Amino acid sequence: MPLISVAVPVPFLDSLTYNVPDSIDLPPIGARVRVPVGRRTVTGCVVQHDALVEEGTDVKNIAEAVDREPLLPASIVELCRWVAEYYVAGIGDALAVAMPPGARGKATAFKHQRVIRATAHAVEMVRLKADPTVTEKQRAALEMLAAAPAGIVSTDLKDRGVTAGVLAGLSKRGLVSIEFERDERDPFERAALGNVAPDAARELTDEQRRAADELFALADAREFRVALLHGVTGSGKTELYLRLAARVVKSGRQVLLMVPEIALTPSVAGLFRGAFGDRVAIQHSALSDGERHDQWHRIRRGEVDVVVGTRSAVFAPLDRPGLVIVDEEHDSSYKQEETPRYHGRDVAIVRASRERALVVLGSATPSMESYQNAAGGKYARITLEKRVLDRPLASVRLVNMRQEYADEGPDIVISRDLAAAVEDRLTRREQVLVLLNRRGYSTAVFCRQCGDSFECPNCSVSLTVHRVGHRPVPSEHRESRGWRARCHYCNYSVTVPKVCRKCAAPYLEHAGFGTERIEEQLRERFPDARIGRVDRDSVRRKGALTRILSQFGARELDILVGTQMIAKGHDFPGVTLVGVISADVGLGLADFRASERTFQLLTQVAGRAGRGERTGEAIIQTLYPEHYSIQFACRQDFPAFFEREVAYRRGMRYPPFFALVNGVVRGRTFEDAMQLAREVVRRLEPATATGSFTILGPAPAPLGRLRGEHRVQFFLKGTRRAEMRHALMQVVAGMPEIRRRLTIDVDPLSVL
Ligand code: ADP
Ligand code: ZN
């Protein structure tokens, strides 16, 4: 009896064992099968042959084999098994991340596009233009088609005014042919990523040359190795990635380039496309399912040498990766905040270790984890201390907002210094970035008479106020605008009325401010400036982000206001001023990484200034000018920040010295959640006897309610992750009822 292990999409579940009946050929590892689970039949993936079962176990047959050839390469199946174990997730959940879109159902969701061509007979008719049986509209359609012998995609015809009815009429008479074609969409075109021609003649700087030599040697060794490329902003890391990638490709191996968010760093993707042309595939979540499907299969068929992608690209089905680059390795978007809660950088390192590849972690502000590993000699450390062409780093100035409030009153948002500097750049026709890492118009709205405020009914947060139905136009149109208060966690929203809901007083007041308010204030102060805004709200529409960024790049905008989205790796040479409103937004959070994050954000955003020929300046407004993460960011002194932060982490027994696992238990009432969490902790306690980890909690989570559920959390803290994981898996196995109510986060980045 051939017994196989099959991963099924059930939370926390390990693989299940099935028998393959004689009527079905043994499906290979990585192939999909249909299997019965309870009363349902689901699609699973074969993860192992020759499975063992205990004597007398009732083993069910698989219902059907979906693939004859493995859909996933065996190496990826193995990687997913590691992910499932390390992150305490179900193997089915881990495999789901590696599958191409649509592969989880029985049939793939992939659609073919309809292409319509004029038949020869019709083309003649268009030329004659005399067939009285053809309507005007039909003739117009035939003319369009006659001009495009390869055919036109039906949706494009529709855009050009040819209705489905017109086409149906023509098709019935045999005047056009309708065919379904496989649609190899080009996501580079669609995302307007463009094709940046590489500058082959460009000479590397001395520093780049030295770094390149070290990296080349590591790549040529064809051994697993991790190198931390620590280079200040503007030091030319991308150029090194390109040259290293070219070398690895030339040696017959493949390259995976991971980036935090492709739309935010389109130039990196564009450069790779320019250098490697069609041999590049792109993988990220903003692509449509069809596009991702096409790209995935191109990689699987071995048609590409280079994959550029976000977090999940770490599972790209490459056969022989020789180099994995993780650009901006400190970026928190590498961590998936849903099950399986994996960290793309860490999975990349594990993958590379199995495939004997080189990993390059690039950043101007490395994570504490990576820098510590480099300091301890585990990773090779390669440093770029200078910007290319001897361009200086931006000078940074702090504005103490407490002083500003004392001088100018409590309502001031843009300080005098910043306003003057913006004015100055506008007259010099230079560009400005203004960062506020908080979106919306205001953080709360309340009634001045009775104190009523807008809280989310489902989550323990106050609603963020957004402006609706308003375009930034002259102030006489203001009355037409409205406000909507929205929850950023569950998306609940309510219209903010003109008068208080409780006491009918017309004294509703906004508290706090977000990017929308900054944009409004800048427009009022600088009515002639062209201003754009980038945050999750302004770029909701597909293509909006690319459009705004390319307008700014083309200098069609003078000022760009935004959240951390504008702080990432952009290279806008026209920017000579970066303003930061409320640098301390993140410092108030009860999170041991708050200082690290603040330091990274400020250093990165200051790094956006002065990348062209003119020197840059950053002005940072803060209520805590003496805070060390702000002070060190101001000097852009990473080593000093690291020393200070590492002492704190060591003293508090936090990562990177101790590993953390966060557990969140959800319940319909607080008591419900607390009771269950206590039971989990009680069952975990015996495992702490070895002294390798401790348990903290349970206690109410900082975000006590989320989407209507109460949340209670606990932590495991220790030096041996394997023991903590093992203890958790045992407890979960003994409490099946908890599967849908417990979330486990190994190496959490955020603990709200
Ligand atoms: P980083 O990623 O380290 O912040 P980039 O790779 O974006 O820096 O490089 C900064 C700028 O310097 C880019 O405009 C890039 O084209 C340019 N550049 C990089 N290397 C060189 C070089 N050797 N000579 C001239 N310009 C360079
Ligand atoms: Zn909510």
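What arrangement do the four donor atoms around the zinc ion (ligand 2) make? The close-ups below take up this question and a few others, using a predicted model.

**View 1. The zinc ion (ligand 2) and its cysteine donors.** Here you can see the SG atoms of C456, C459, C487 and C490, which lie 2.3 Å from the zinc ion. The arrangement is tetrahedral, because the four donor atoms subtend angles of 103 to 113° around the metal. If you like to read such sites from the sequence, look for the spacing C-x2-C-x27-C-x2-C, which the donors follow along the chain.

**View 2. C487 and C490, two of the zinc donors.** Are these residues buried or exposed? C487 has a relative accessible area of 1% and is therefore buried, as buried means under 20%. C490, with a relative accessible area of 22%, is partly exposed.

**View 3. The shell around ligand 1.** Let us move on to the other site. There are 17 residues around ligand 1, and those that come nearest are E203, Q208, G234, K237 and D571. Sorted by class, the shell has seven polar, six charged and four nonpolar residues. Which element gives the most to this shell? That is helix α9, spanning residues 237-250, with three residues.

**View 4. Polar contacts of ligand 1 with E203, S235 and K237.** Zooming in on the polar atoms, we find a nitrogen atom of ligand 1 at 2.8 Å from a polar backbone atom of E203. A polar backbone atom of S235 is 3.2 Å from an oxygen atom of the ligand. K237 takes part through its side chain, with a polar atom 2.8 Å from an oxygen atom of ligand 1. How much of the ligand does the protein bury? Taken alone, ligand 1 exposes 560 Å², and the protein buries 82% of that.

**View 5. S235 in the loop between β10 and α9.** Strand β10 covers residues 225-231, and S235 is found in the loop between this strand and helix α9. Its relative accessibility is 1%, so S235 counts as buried. While the backbone of S235 has a polar atom 3.2 Å from an oxygen atom of ligand 1, the side chain of S235 reaches the backbone oxygen of V232 at 2.7 Å.

**View 6. R725 in helix α22.** Our last stop is an arginine in the helix that spans residues 721-734. R725 counts as buried because its relative accessibility is 10%. What lies 3.3 Å from a polar atom of its side chain? The backbone oxygen of E85 does.

Definitions and conventions. Residues are numbered from 1 along each chain as its sequence is written. Chains are lettered from A and ligands numbered from 1 in the order in which they are written. This is a predicted model: local features need pLDDT of at least 70, side-chain atom pairs count only at pLDDT 80 or more; totals for chains, interfaces and linings use all residues. Side-chain values use heavy atoms; hydrogens and water are left out. A residue is near a molecule or strand if one of its heavy atoms lies within 4 Å of it. A polar contact is a pair of N or O atoms within 3.5 Å; within protein, one must be able to donate a hydrogen and the other to accept it, and residues adjacent in sequence count only if both atoms are side-chain atoms. Accessible areas come from the Shrake-Rupley method with a 1.4 Å probe; for residues, only the protein chains shown count as cover. Helices (H or I, at least four residues) and strands (E, at least two) are DSSP runs, numbered from the N terminus. Ala, Val, Leu, Ile, Met, Phe, Trp, Tyr, Cys and Pro count as nonpolar, Asp, Glu, Lys and Arg as charged, and the others, Gly among them, as polar. Donors are N, O and S atoms within 2.8 Å of the metal (3.2 Å for Na, K and Ca); water is not among the atoms, so sites may look incomplete. Four donors count as tetrahedral if all angles lie between 85 and 135 degrees; four count as square planar and six as octahedral if opposite donors are over 155 degrees apart and all others between 65 and 115; anything else is irregular. Buried means under 20% relative accessible area, exposed over 50%, partly exposed in between (1.4 Å probe, protein chains only).
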